Amino acid sequence: MAWNGEKTRLPISRTAAGNVAVDSGHARLNELGYKQELKRDLSMLSNFAFSFSIISVLTGITTLYNTGLSFGGPISLVYGWLIAGVFTMFVGLSMAEICSSYPTSGGLYYWSAKLAGPKWAPFASWMTGWFNIVGQWAVTTSIDFSLAQLIQVIILLSTGGKNGGGYEAPKYVVIAFHGGILLVHAIINSLPISALSFFGQLAALWNLVGVLVLMILIPTVATERASAKFVFTHFNTDNGDGISNKVYIFVLGLLMSQYTLTGYDASAHMTEETKNADKNGPKGIISSIGISIIFGWGYLLGITFAVTNIPYLLSEDNDAGGYAIAEIFYLAFKSRFGTGVGGILCLGVVAIAIFFCGMSSVTSNSRMAYAFSRDGAMPFSSVWHKVNKQEVPINAVWLSAVISFCMALTYLGSTVAFQAMVSIATIGLYIAYALPIFFRVTLARKSFIPGPFNLGRYGVLVGWVAVLWVATISVLFSLPVAYPITSETLNYTPVAVGGLLVLTVSSWIFGARHWFRGPITNIDS
């Protein structure tokens with residue numbers, strides 16, 4: 001395929017083939033040089049549902065609420081969420097504009113190849129693709145592992161809590177939970193896309209209703225509630241990690257928000273299965289971010305109004321073993337009714353949301369692996385891009401589940417190593433988001449041809465804001481999170497991301513540059 005960047009007209013939204021209307025996404029895919037191999041059956045709502053389910057505010061906020069509570073407390077939680085949300089929307093808008101022009105399952109790496117120009121296309125595509133797919137695998141690993149940990153906490157509280165002789169599952173049991181969850185996710189993702197579409201919409205509905213119920217129920221049930229002054233003005237500097245600078249603390253507290261607001265590239269990876277994808281793919285990206293920001297903020301406010309004793313919630317000596325939101329739920333019901341069963345049931349609502357989140361993440365992983373292997377970028381590519389009779393990339397589904405399980409095995413050896421592994425989920429993935437946007441505002445500034453959704457004259461400005469935000473968080477989230485710095489307190493994020501960078505560049509220099517030419521068409525031009 002020639003990456004010449006010349007200006008050509010994009011196909012009209014609906015072309016005619018005799019008297020039959022052709023789907024605009026299908027027509028554009030053919031123009032880009034690809035056959036329609038996956039079943040195009042998803043509506044805009046279904047496309048949105050996959051991204052919204054992966055963002056899953058119930059998952060990210062519940063999992064990392066401890067981080068926000070430790071670093072800044074209510075102010076970091078309430079205002080940090082809005083700051084991260086606004087800048088994430090800039091990233092999403094830029095991605096949506098590019099997605100409208102290039103609606104393929106390859107998503108980010110394909111965009112980079114098209115936007116970087118003929119000279120840099122193969123290298124740009126290689127770098128973006130590997131950061132994207134490894135970041136996605138890390139996301140799935142962290143999502144399903146967080147569900148395994150939450151199940152362990154639910155069992156602990158159900159058997160009496162830490163102070164009542166409750167059962168604390170050892171590491172290998174948590175890993176077994178994780179493996180079982182991934183197995184179920186792989187089985188579900190082996191089903192036809194029509195079934196996945198149903199599960200995706202159910203997941204989105206569960207997240208929406210779950211947030212609404214919990215944000216109202218928990219502070220209502222709690223016998224002690226925080227004041228509005230506490231929720232909107234209290235800044236917690238007592239983090240126990242030797243950090244006293246308020247700006248530094250606030251920045252570290254942002255991690256919770258930015259980790260949660262990831263995964264919306266799923267809408268791009270599902271475009272080859274979405275009707276009118278050049279319009280509905282971008283809508284899926286933007287709507288999933290916007291609705292997540294609104295509902296996430298509501299969830300944060302509701303839960304934080306039930307916070308009255310931050311040190312106790314973070315203490316490993318409480319009944320939930322230091323899992324702050326679990327303890328909040330448990331105490332709210334125990335203080336009101338004398339039993340924490342209601343709180344445990346509420347944790348079950350969150351657990352189901354996390355389950356759906358992981359399910360959708362495996363879906364997104366498999367589509368990326370399918371597209372990347374279709375272009376010959378992965379070892380044994382001919383195996384991973386095969387689709388079955390139901391038009392599902394079945395081998396890519398199981399590959400994604402197996403790799404995510406293997407990444408979690410580092411937890412058995414070292415918690416620090418595991419944290420370094422999953423840190424790629426945020427920084428690695430956002431670097432993959434930023435690369436095509438960077439090429440859009442630099443090398444392709446004049447040659448980029450927008451699709452039906454575009455930002456007009458503001459496209460370049462929005463793109464630069466997005467790129468600078470990713471560059472900023474990449475630095476901020478690589479800073480030390482505790483002092484003094486030791487092997488146990490060192491932030492290994494730059495080591496993990498740097499390691500991925502070295503491996504990706506090395507594989508390019510010593511091998512891929514001789515044979516990888518970027519996306520390969522599989523249809524006659």
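Q: How are H4 and H19 oriented to each other: parallel, perpendicular or oblique?
A: This is a predicted model. Two packed helices are described by the angle between their axes and by the distance between those axes. Here, helix H4 (residues 74–101) and helix H19 (residues 427–441) pack at about 60 degrees, and their axes are 10 Å apart. H4 and H19 are therefore oblique to each other.

Q: Is the crossing of H4 and H19 left-handed or right-handed?
A: H4 passes H19 in a left-handed crossing.

Q: Which residues of H4 and H19 make the contact?
A: H4 contributes Thr 88, Val 91, Ser 94, Met 95, Glu 97 and Ile 98, while H19 contributes Tyr 430, Tyr 433, Pro 436, Ile 437 and Arg 440. Sorted by class, the contact of H4 with H19 has seven nonpolar, two polar and two charged residues.

Q: At what angle do H4 and H9 pack?
A: The angle between H4 and helix H9 (residues 246–260) is about 60 degrees, with the axes 8 Å apart. That makes H4 oblique to H9. H4 passes H9 in a right-handed crossing.

Q: Which residues make the contact of H4 with H9?
A: On H4 they are Ile 75, Ser 76, Leu 77, Tyr 79, Gly 80, Trp 81, Ile 83, Ala 84 and Thr 88. On H9 they are Ile 249, Phe 250, Gly 253, Leu 254, Met 256, Ser 257, Gln 258 and Thr 260. By class, the contact of H4 with H9 has 10 nonpolar, seven polar and no charged residues.

Q: Which residues touch the most other members of the largest nonpolar core?
A: That core has 145 residues, and those touching the most other members are Tyr 65, Val 91, Trp 111, Ile 218, Tyr 299 and Phe 329. Helix H5 (residues 108–158) gives the most to this core, with 24 residues. Another core, of nine residues, lies apart from it and includes Ile 188, Ala 203, Met 270 and Met 359.

Q: What does Tyr 299 touch?
A: Not counting residues up to four places away in sequence, Tyr 299 touches Val 57, Leu 58, Ile 61, Thr 62, Val 211, Leu 214, Met 215, Ile 325, Phe 329 and Val 350.

Q: Is Ser 400 buried or exposed?
A: A residue counts as buried under 20% relative accessible area. Ser 400 has a relative accessible area of 0%, so Ser 400 is buried. Ser 400 is found in helix H16 (residues 394–408).

Q: Which residues is Ser 400 in contact with, leaving aside its neighbours within four places in sequence?
A: Ser 400 is in contact with Trp 137, Asn 365, Ser 366 and Ala 369.

Methods. Residues are numbered from 1 along each chain as its sequence is written. This is a predicted model: local features need pLDDT of at least 70, side-chain atom pairs count only at pLDDT 80 or more; totals for chains, interfaces and linings use all residues. Side-chain values use heavy atoms; hydrogens and water are left out. Axes are lines fitted to C-alpha atoms, for helices over the stretch in contact, and angles run from 0 to 180 degrees between N-to-C directions. Helices (H or I, at least four residues) and strands (E, at least two) are DSSP runs, numbered from the N terminus. Angles under 35 degrees count as roughly parallel, over 145 as roughly antiparallel, 65 to 115 as roughly perpendicular and the rest as oblique. A crossing is left-handed if the near helix is turned anticlockwise from the far one by less than a right angle, and right-handed if clockwise. Contact means heavy atoms within 4.5 Å. Ala, Val, Leu, Ile, Met, Phe, Trp, Tyr, Cys and Pro count as nonpolar, Asp, Glu, Lys and Arg as charged, and the others, Gly among them, as polar. A nonpolar core is a set of buried Ala, Val, Leu, Ile, Met, Phe, Trp, Tyr and Cys residues joined through side-chain atoms within 4.5 Å. Buried means under 20% relative accessible area, exposed over 50%, partly exposed in between (1.4 Å probe, protein chains only).
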